[in-house]
Amino acid sequence: MRRSTPRVLHILGVDMVALPKTLALGLAALSVLPGAAPLSDIDITVDHLRSSKGLLQLCLTANERSFPDCEDDPAARRMTARAKDGVARFSNLPAGQYALAIVHDENGNSKLDTFAGIPKEGIGFSRNPSFSFGPPRFSQVVFVAQGAGTSQRVKIKYYL
């Protein structure tokens, strides 16, 4: 069975080799059109780290059901940064509401270590809500990112 899609697109004047680049340029142009939603950058500063060892595992989501671990959210952004730097940046995000969760992964094993359900490593959230048993609610941590200059300063909390 022959695939006719490339031939049909060729007949319509679509260059299959240049198509991905053309689409990317077109999408980039949309972001600078008047009235188009601006892209946002979010600068993150992490405070109260008990050591500069390991990594910071960051999870940014706009989906309440995917908070705090970003599971099942294809649009979520994850990032790893060095703890000794204490900073990170999410770039080129659509303007909107987001929630941020951070784990200070001191041993660098890419997971939150716990003992009897209590985190052994530091955790923190956007807007620094108070919490004790379980993560805070999405509504407590959600913030608005709109254009340049959005920032969050997150205080890491340790239990053990």
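I read the order of elements from the N terminus as α-α-β-β-β-β-β-β-β-β-α-β-β. That gives three helices and ten strands in the chain, taken as DSSP runs numbered from the N terminus (helices H or I, at least four residues; strands E, at least two). I note that this is a predicted model, in which local features need pLDDT of at least 70 and side-chain atom pairs count only at pLDDT 80 or more, while totals for chains, interfaces and linings use all residues. Residues are numbered from 1 along each chain as its sequence is written, and side-chain values use heavy atoms, with hydrogens and water left out.

**Chain totals.** I found that 33% of the 160 residues count as buried (under 20% relative accessible area; exposed is over 50%, partly exposed in between; 1.4 Å probe, protein chains only). The accessible surface comes to about 10,300 Å², and carbon and sulfur atoms hold 56% of it (Shrake-Rupley method, 1.4 Å probe). Among contacts (heavy atoms within 4.5 Å) between residues at least 6 apart in sequence, 68% join residues at least 24 apart.

**Strand E8.** I looked up residues 122-125 and found both faces covered: Gly122 and Gly124 are buried on one side, Ile123 and Phe125 on the other. Strand E5 (residues 96-105) runs antiparallel to E8 and is joined to it by four bridges; pairing requires at least two DSSP bridges. Within this pair, Ile102 stands opposite Gly124.

**Largest pocket.** I recorded a volume of about 530 Å³ for the largest pocket. Of its 26 lining residues, Pro68, Val103, Leu112, Ile123 and Phe125 are the closest to the centre. A pocket here is an open set of points on a 1 Å grid over the protein atoms alone, where a 1.4 Å probe fits, with protein on both sides within 12 Å along at least five of seven lines; lining residues have an atom within 4 Å of a point. The volume is the space filled by probe spheres set on the points, which are joined across faces, edges and corners. Strands E2 (55-61), E3 (77-82), E5, E7 (118-119) and E8 each supply at least two lining residues. By class I noted 16 nonpolar, seven polar and three charged residues in the lining, with Gly counted as polar.

**Asp69.** I located Asp69 in the loop between E2 and E3. Its relative accessible area is 41%, so Asp69 is partly exposed. Asp69 touches Cys59 and Arg78, residues up to four places away in sequence not being counted. I also noted Ala101, 32 residues from Asp69 in sequence and 7.4 Å away in space, C-alpha to C-alpha.
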